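Visitor: Could you take a close look at one part of this structure, and then carry on from there to a few other places?

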Amino acid sequence: MDGALLDREAEVDRLRAGAATAGTQGTVVVLLGRAGTGKTRLLREAASLGSAESMRILTARASELEREYALGVARQLFEPLLFSASPQEKDRWTAGAARTAASVLSHQPAGGAQPGEFAAFHSLFWLVSNICQDTPLAMVIDDLQWADEPSLRFLNFLLPRLADLRLLITAGLRPDEPGSASHLIDLLLADPEVHTVPLGPLSAAATDELLKGWFESPPDPDFSRACHTATGGNPLLLTELGRTMTGNSVAPTALAVPQVELLGSRVLARRVGVELGRLPAESIRLAEAIAVLGHTAGLSQAANLADVRVADAPWSVAALQAAHVLRTPEPGSSPLFEDLDFEHPLIRSTLYQSIPPDRRSSMHARAARLLRSAGARGEQVAAHLLYVLPAGDPAVVAVLRGAAAQASAEGASEAAFRYLRRAVEEPPAESDRLGVLMEAGTAAFLVDLPAATHYLDAADELMDDVVARARLAGIRQLAHLMVLKDPERAVRGLTGAIDALPAGEDDLRRALEATLLAAPLLQPGWHSVLDRLAGLRALAPAGTVEGSMLDSMIANCDAFAGRSDSLERARRVVADPAARQAAAGAAVLVMNACFPLLAADPDEGITASDALIGDARETGSLVTLCALYGYRGWGWLLRGDLADADSDLREAVRLASTAKVMMTHDYLLAWLAEALVEHGRTDEAMAVLGQAGNTDGRAGPRYFTLYALALVLQAQGHHERALETALAAGSRFADHGGVNPAFIPWRSLAAECLRALGRHQEAADRAEEEVALARGWGGSRCVGRALRVLGSATSGPAAVTALEEAVALLSASSARLEHAKARVALGARLAGLDAARARGELNAGLELAFACGSGPLVEKARTELRATGARPRRTHPTGPQALTPSERRVAALAAEGLSNRQIAQELFVTAKTVEVHLSACYKKLGIARRSELHVSAL
């Protein structure tokens with residue numbers, strides 16, 4: 001009579017294919033369907049198929065009550081396995097980078113130091129990888145829509161690493177469920193590695209087949225049709241309808257059609273009500289207690305909450321199972337659920353909603369007290385308090401604040417915010433109100449900026465102390481700036497706080513001035529703030545983190561304006577260990593010091609970013625790593641290492657989406673689009689830019705997005721539109737105090753568009769303007785690019801001179817792609833003057849372009865070579881100079897004797913990535929095996 005697999009042959013085939021594929025490569029299958037469409041039954045089938053493929057089966061089920069538990073789903077998956085493992089297995093599985101996995105899951109950090117979220121996910125990934133070395137692994141997760149955010153982020157963390165894992169992830173999901181972490185679920189479903197399997201209603205034929213199992217005689221066609229219409233073909237509702245009809249001895253004839261229509265989709269609620277009405281009061285109370293506590297409740301906990309003797313509770317459980325309210329475990333079935341679980345989540349929901357709200361609130365309050373007295377974790381107690389009606393209870397506020405602090409330490413920012421939001425609603429005592437508001441605002445800063453401004457503004461109104469208000473003003477007004485709605489208020493608030501500070505608060509003053517300098521970088525039109533720079537530059541170095549914050553922001557503003565003396569400040573910041581530690585811990589204003597260094601010298605900026613990434617991988621958040629991967633990706637782009645740029649920027653975009661870092665998101669997409677244009681993938685670049693925010697609005701920095709869009713349009717041959725967009729990028733950049741072409745070389749891009757449109761004098765004027773600005777800033781890449789465009793935009797001996805200077809400057813720089821472009825441009829200019837020299841420059845440019853991975857430039861060089869009468873040689877650069885930075889790092893570690901898995905753990909990549917890089921190294925170095933690698937030759 002179980003109709004869950006009727007009409008599901010294609011879905012079962014998909015699961016079977018996934019189980020077979022997982023033996024060699026990770027795969028993810030998500031079953032999408034409304035409640036009652038058979039997801040749970042199919043998940044059980046997935047577990048059976050995995051077992052048939054000799055896979056190790058791990059199971060978990062998310063629930064509404066437990067969505068606040070940090071890594072709750074991950075703990076359900078791995079804790080039972082680690083608990084039952086032999087000492088040898090546990091040692092093997094938690095070796096290497098997985099050594100902290102057990103402490104991450106148990107929330108008991110080794111040595112007292114809580115690892116950052118990235119480090120936690122990295123450790124769990126290697127736990128999965130180590131387990132998969134023994135045998136393929138199946139992770140079966142039901143009700144994914146209720147999963148906690150850290151577990152969802154971990155699943156998203158796994159997706160780009162699936163190639164390294166013999167893993168099948170199968171999950172059941174109700175789409176569009178209220179209260180779910182929809183952005184993380186959407187991110188997961190959008191991944192190309194995830195196979196979604198929608199579950200529709202049963203067909204009329206399947207409905208007839210299911211009903212035959214319930215009745216002794218075949219159902220009348222009218223009866224079957226009415227059942228299908230009344231339930232929408234939902235397998236659960238059809239099963240409940242059959243159970244109700246047979247229980248009431250109703251024959252499946254046309255005469256019963258009115259009864260079918262009367263019950264309809266309400267059959268489940270009606271059946272639950274009838275069944276419970278037949279049971280003793282103790283059984284009803286126990287069922288309600290289980291509905292309140294959730295499916296992980298123990299029998300003694302449920303009995304205590306229901307005021308049922310523990311000794312009598314098994315009889316009530318048996319009665320509820322006989323009434324098909326609680327599930328009866330199948331002999332030998334996969335342990336997908338606890339024993340105290342409802343036959344279906346809809347039954348739990350139906351029963352839970354039938355409890356009057358005031359009594360439901362009282363039961364949650366009592367459940368919280370019982371759990372607290374039993375020594376449960378703060379999050380388990382707080383999860384119930386979220387459902388308790390506010391009553392001004394100080395004890396409730398204390399528990400919620402404690403749970404929020406714990407959640408924040410574990411990277412569960414969303415849960416921390418929800419606990420504190422509920423604490424504000426309680427409300428707290430007047431003596432605690434300010435502290436709770438500040439904690440709520442600080443937690444909201446990471447997940448909900450408008451809410452952060454609301455709570456922090458309310459906290460400000462309660463403050464009288466000038467210094468305390470000034471401390472609050474830093475985060476409060478930065479939130480207002482980032483909301484992008486009321487920058488004037490934020491600037492006014494910060495300047496007011498600075499002016500009101502008493503003497504002696506030098507560090508706080510520096511921190512506030514640093515925050516104020518974010519205004520012109522985040523919002524257009526705030527040049528007045530930049531007038532403060534002269535006085536700020538005159539301040540002596542402070543040697544504090546706040547001083548580093550200010551140095552970093554001064555360096556950024558000065559670099560935008562083209563002041564070359566900004567670099568010494570930036571270097572001072574990245575050389576300070578305390579500043580680096582603060583940057584790794586999400587002090588974004590400090591880590592911005594990488595930005596001017598990258599613009600001046602990509603190699604120096606990449607080295608600084610690398611150091612910060614190394615620190616942040618251990619202690620930093622996803623927000624921190626998102627920014628740092630983005631900076632390093634931009635550095636690779638400026639160097640011309642397009643493969644590494646693509647890799648870092650895609651990782652940064654994924655982290656930005658996972659952590660909801662939407663301000664940085666548009667920068668990252670713009671840089672990724674630039675890399676794709678250089679690769680020659682213009683359609684993909686345009687699609688990437690389509691994910692960015694509105695480029696026409698005035699709020700927020702949009703210059704990188706506009707510049708990237710202009711590059712795409714130019715590559716597509718839309719020179720007029722590209723010119724308009726390049727000029728718009730320049731105008732937007734100027735609105736933010738930007739002049740320096742090292743960040744946005746819009747003038748040279750406009751010059752290239754003007755030249756293509758035949759407007760040669762205008763092109764030369766724009767190029768000369770950029771050359772002058774670039775020389776004022778310095779930096780071989782910036783000056784060389786401007787000279788290259790000037791030489792291409794003009795003619796005669798002056799053009800050749802400009803191009804020769806560009807080549808000379810760039811040949812000594814790290815900007816390989818700009819060097820290649822200058823070589824090709826010089827070769828093209830020399831073609832009619834000195835064919836032999838032209839061929840030499842073009843061949844050199846061709847080799848460089850190929851090494852960078854720039855398809856369009858390779859083709860241009862080949863075209864120019866053919867025009868000189870030469871036959872372009874085949875391009876396959878060899879030798880150490882042909883290695884990308886990532887390939888060189890992998891080769892060096894392999895030469896030191898590290899295994900692929902050890903290299904992967906060292907570099908925070910997958911073993912499959914190491915394998916790919918080594919294969920490329922062997923080919924480029926002309927060797928056949930690992931033993932031929934030598935560090936000295938790299």
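Guide: V739 is partly exposed, because its relative accessible area is 32%, where partly exposed lies between buried (under 20%) and exposed (over 50%), calculated with a 1.4 Å probe on protein chains only. This is a predicted model, in which local features need pLDDT of at least 70 and side-chain atom pairs count only at pLDDT 80 or more, while totals for chains, interfaces and linings use all residues. Residues are numbered from 1 along each chain as its sequence is written, and side-chain values use heavy atoms, with hydrogens and water left out.

V739 sits in the loop between α41 (719–735) and α42 (746–756), helices here being DSSP runs of H or I with at least four residues and strands runs of E with at least two, numbered from the N terminus. Apart from neighbours within four places in sequence, V739 is in contact (heavy atoms within 4.5 Å) with F560, A561, F733, R747 and L773.

Strand β1 is joined to β4 (residues 167–173), running parallel, by six bridges, and V29 has T170 of β4 as its bridge partner. Strand β5 (residues 194–198) also runs parallel to β1, with five bridges between them, and there L32 stands opposite P198; strands count as paired if DSSP finds at least two bridges between them.

Among the helices, α23 (residues 449–461) has 13 residues and reaches 19 Å from its first C-alpha to its last, close to the expected 18 Å, which is 1.5 Å times one less than the number of residues. The buried residues of α23 include L449, Y455, L456 and D457, and what covers the buried residues of this helix includes α21 (413–425), α22 (430–444), α24 (466–483) and α25 (487–500).

Finally, the axes of α14 (residues 281–293) and α17 (residues 345–354) come within 9 Å and cross at roughly 105°, the axes being lines fitted to C-alpha atoms over the stretch in contact, with angles from 0 to 180 degrees between N-to-C directions. That angle makes α14 roughly perpendicular to α17, a class that covers 65 to 115 degrees. The contact is made by A287, E288, A291 and V292 of α14 together with R348, L351 and Y352 of α17.

How values were computed. Angles under 35 degrees count as roughly parallel, over 145 as roughly antiparallel, 65 to 115 as roughly perpendicular and the rest as oblique.
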